[in-house]
Amino acid sequence: MAKKVLLVDDSTTTLMMEEMILKQRTNYECVTAKDGLDAISRAVVEAPDLVLMDVVMPRMNGFEACKRMRMEASLSGIPIILVTSRGEEEYVETGFQSGCNDYITKPINGPELVTLLHSYLGE
Amino acid sequence: MMSDLPAKHEKRTSVQSVGDQAKVYAARMRLQNAIDQADALDAIREIAGNLIGTEEVAVFKVDKQRSELWLYWSFGIDPNKHSVLEVRREPKLKQVLNGKPVFRLRSSAESLLSTDDPVNALIPVLVDGNPCAVIVLFRLFPHKAGIEPVDREICEVLSNCAGRAIEPHHAR
């Protein structure tokens with residue numbers, strides 16, 4: 001069965017790009033959510049194998065969504081990769097404190113994204 | 001023993017190519033599917049931030065005499081510092097008003113405009129083949145070394161498809 005990736009971003013541009021890369025270069029199934037709150041409910045229903053989530057979003061940001069997912073028993077073990085526009089140490093540290101497994105910086109680089117997802121989900 | 005490095009390199013190049021195509025495709029679709037002027041301006045912000053790598057962007061509208069450009073919309077910059085650009089004081093703008101984008105070279109410390117803020121790209125927005133505005137990309141993210149080949153392709157999309165954000169009465 002194909003591994004499932006939940007893509008979370010309020011930008012339709014980013015979702016479109018991420019989906020296109022993953023559909024063409026991996027065998028993963030993609031589902032999407034438009035903010036942190038939506039991501040939590042989608043994750044409960046879809047049970048993804050990995051979450052790739054933006055940080056800055058309306059209603060609930062990626063840090064908060066990450067924390068809440070870690071508190072939810074059914075979601076606590078899912079790898080979460082945060083997508084951030086800032087690579088500064090302090091910002092990255094906040095991400096890890098919220099419970100994320102990894103982070104990737106914008107603008108997303110195709111090979112970097114695919115390699116990172118392969119390292120969690122296999123090819 | 002034969003090395004698998006060439007195969008790995010080829011695979012990486014192929015993924016890079018798909019990634020670049022995905023960015024250009026997403027930029028074009030986002031602009032073409034913008035529902036109104038506000039959404040089209042938001043599309044410019046999204047493309048700059050998510051696909052190119054800057055959260056400092058402005059759109060300047062060209063006046064009828066093509067002597068001045070007035071700040072029309074901006075995100076992430078101080079609008080009071082950039083309310084008007086005079087073409088006679090900004091040599092790079094002449095080239096842009098001929099329809100050609102201008103990019104700052106990676107190795108160059110030169111800014112494209114006479115402003116303290118670093119400018120990395122000047123992109124003409126074409127309507128019926130004529131520049132009606134210029135998109136200015138200011139400071140890139142600190143981890144981004146400079147404008148890359150794929151960014152130039154995305155800027156070409158902005159040049160050809162962003163007219164709707166500035167001249168909303170033009171048909172798609």
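This is a predicted model: local features need pLDDT of at least 70, side-chain atom pairs count only at pLDDT 80 or more; totals for chains, interfaces and linings use all residues.
Residues are numbered from 1 along each chain as its sequence is written, chains are lettered from A and ligands numbered from 1 in the order in which they are written, and side-chain values use heavy atoms, with hydrogens and water left out.

**View 1. The interface of chain A and chain B.** Chain B contributes 26 residues to the contact (heavy atoms within 4.5 Å), and chain A contributes 22 residues. About 2100 Å² is buried between the two chains, 62% of it on carbon and sulfur atoms; buried area is the accessible area (1.4 Å probe) that two parts lose on being put together, summed over both. In chain B, the residues that lose the most area to chain A are Val15(B), Val18(B) and Asn50(B), together 27% of what that side buries. Eight residue pairs, both at pLDDT 80 or more, are in polar contact across the interface. A polar contact is a pair of N or O atoms within 3.5 Å; within protein, one must be able to donate a hydrogen and the other to accept it, and residues adjacent in sequence count only if both atoms are side-chain atoms. The count of salt bridges between the chains is zero; a salt bridge is a side-chain nitrogen of Lys or Arg within 4 Å of a carboxyl oxygen of Asp or Glu.

View 2. Ser11(A) sits in the loop between β1 (4-8) and α1 (12-25) of chain A. Helices (H or I, at least four residues) and strands (E, at least two) are DSSP runs, numbered from the N terminus. Ser11(A) counts as buried because its relative accessibility is 3%; buried means under 20% relative accessible area, exposed over 50%, and partly exposed in between (1.4 Å probe, protein chains only). A polar atom of the Ser11(A) side chain lies 3.3 Å from the backbone nitrogen of Thr13(A). Leaving aside neighbours within four places in sequence, Ser11(A) is in contact with Glu46(B) and Asn50(B).

**View 3. Helix α2 of chain B.** Twelve of the 16 residues of α2(B) are buried, including Glu46(B) and Asn50(B). The N-terminal end of α2(B) is capped by Asp36(B), with a side-chain oxygen 3.3 Å from the backbone nitrogen of Ala38(B). Just after the helix, Gly53(B) takes a positive phi of about 115 degrees. Asp39(B), in a salt bridge with Arg30(B) (closest N and O atoms 2.9 Å apart), is buried at 18% relative accessible area. Arg30(B) is buried too, at 7%.

View 4. The side chains of Lys23(A) and Glu19(A) form a salt bridge (3.3 Å, N to O). Both residues lie in this helix, four residues apart, about one turn. Lys23(A) is exposed, with a relative accessible area of 55%, and Glu19(A) is partly exposed, at 21%.

**View 5. Arg89(B) and Glu86(B).** These two residues form a salt bridge, with closest N and O atoms 3.4 Å apart. Arg89(B) counts as exposed at 53% relative accessibility, and Glu86(B) is partly exposed at 26%.
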